[in-house]
Amino acid sequence: MFVLRVRLLIATLWVGSLWAVGYLVVPTLFATLSDRVLAGSIAGNIFRAEAWLSIFCAAVLMMLQKLQATSGNSAQRRFLLLLICAMLACTLISHFGLQPFMAALREQAGPSGVMASDTKMQFGILHGLYSALYLIQRLLGVMLILKVRVDGLDPVRRFRRGP
């Protein structure tokens with residue numbers, strides 16, 4: 001039961017941080033700062049920290065899944081592992097696949113920023129892909145939280161299944 005609670009806590013930390021950064025922190029940053037280049041630079045640093053948090057949480061959750069390998073339904077365990085791996089894949093593609101190209105475009109654009117240069121369309125496409133992956137990751141995260149909560153800690157379901 002302790003491992004199930006820790007798993008829920010880690011999953012909640014991960015998914016909550018994804019939602020908070022994407023819908024609270026970064027939009028507030030762009031709304032508050034008048035310099036959009038500076039806001040974008042700070043947002044990039046926040047997303048970098050979020051990516052490393054995601055990698056850490058995914059690793060811990062996979063380790064906890066391994067500890068739970070002998071208990072519960074194997075199909076449910078596989079589904080949870082699949083959700084974790086899919087969320088991790090979104091992070092890896094975004095951070096190590098798309099982010100370097102976006103950073104190169106920002107550097108190429110110089111101090112005026114990507115929105116004022118010839119790279120605006122390329123950056124917009126990459127940003128759109130990044131945003132789509134981030135949204136997919138957040139939605140998968142909601143599924144993960146619900147799955148961990150319902151299958152792992154719901155006392156009524158545990159009572160019906162037996163010890």
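Me: Which residues in α2 and α3 meet?

Reply: In this predicted model, α2 contributes Arg48, Ala51, Trp52, Ser54, Ile55, Ala58, Leu61, Met62 and Gln65. Their partners in α3 are Arg77, Leu80, Leu81, Ile84, Cys85, Leu88, Thr91, Leu92, His95 and Phe96. By class, the residues of this contact of α2 with α3 are 13 nonpolar, four polar and two charged.

Me: How is the geometry of such a pair described?

Reply: For two packed helices, one gives the angle between their axes and the distance between the axes. Here α2 covers residues 36-67 and α3 covers residues 74-109. Their axes are 10 Å apart, and the packing angle is about 155 degrees. α2 is therefore roughly antiparallel to α3, as an angle over 145 degrees counts as roughly antiparallel.

Me: What is the handedness of the crossing of α2 and α3?

Reply: The crossing of α2 and α3 is left-handed.

Me: At what angle do α1 and α2 pack, and how far apart are their axes?

Reply: The angle between α1 and α2 is about 170 degrees, and their axes lie 10 Å apart. That angle makes α1 roughly antiparallel to α2. The contact of α1 with α2 comprises 23 nonpolar, four polar and three charged residues.

Me: How do α1 and α3 cross?

Reply: The axes of α1 and α3 come within 13 Å, crossing at roughly 30 degrees. The crossing of α1 past α3 is left-handed. On the α1 side the contact residues are Arg7, Trp14, Val15 and Leu18, and they meet Leu80, Ile84, Met87 and Leu88 in α3. Seven residues of this contact of α1 with α3 are nonpolar, none is polar and one is charged.

Me: Now the empty space. What shows where it is left?

Reply: A probe the size of a water molecule, rolled over the atoms, shows where empty space is left. A space the probe cannot get out of is a cavity, whereas a pocket is open.

Me: What is the volume of the largest pocket, and which residues lie nearest its centre?

Reply: The largest pocket has a volume of about 730 Å³. Its lining has 28 residues, with Phe30, Gly40, Ala43, Phe123 and His127 nearest the centre. Two or more lining residues come from each of α1 (2-32), α2, α3 and α4 (120-153). α2 gives the most, nine residues. The pocket lining divides into 13 nonpolar, 11 polar and four charged residues.

Me: How many cavities of 30 Å³ or more are there, and what lines the largest?

Reply: The count is one cavity of 30 Å³ or more. The largest cavity has a volume of about 80 Å³. Its lining consists of Leu18, Phe47, Glu50, Ala51, Ser54, Thr91, Ser94, His95, Tyr130, Leu133, Tyr134 and Gln137. At least two of the lining residues come from each of α2, α3 and α4. Six residues of the cavity lining are nonpolar, five are polar and one is charged.

Technical notes:
Residues numbered from 1 in each chain as written. Predicted model: local features only at pLDDT ≥ 70, side-chain atom pairs only at ≥ 80, totals over all residues. Heavy atoms only, no water. Axes fitted to C-alpha atoms, helices over the stretch in contact; angles between N-to-C directions. Helix = DSSP H or I, 4+ residues; strand = E, 2+ residues; numbered from the N terminus. Parallel < 35°, antiparallel > 145°, perpendicular 65-115°, else oblique. Left-handed = near helix turned anticlockwise from the far one by under 90°. Contact = heavy atoms within 4.5 Å. Nonpolar A, V, L, I, M, F, W, Y, C, P; charged D, E, K, R; others polar. 1 Å grid on protein atoms, 1.4 Å probe; cavity = no way out; pocket = protein on both sides within 12 Å on 5 of 7 lines; lining within 4 Å. Points joined across faces, edges and corners; volume = space filled by probe spheres on them.
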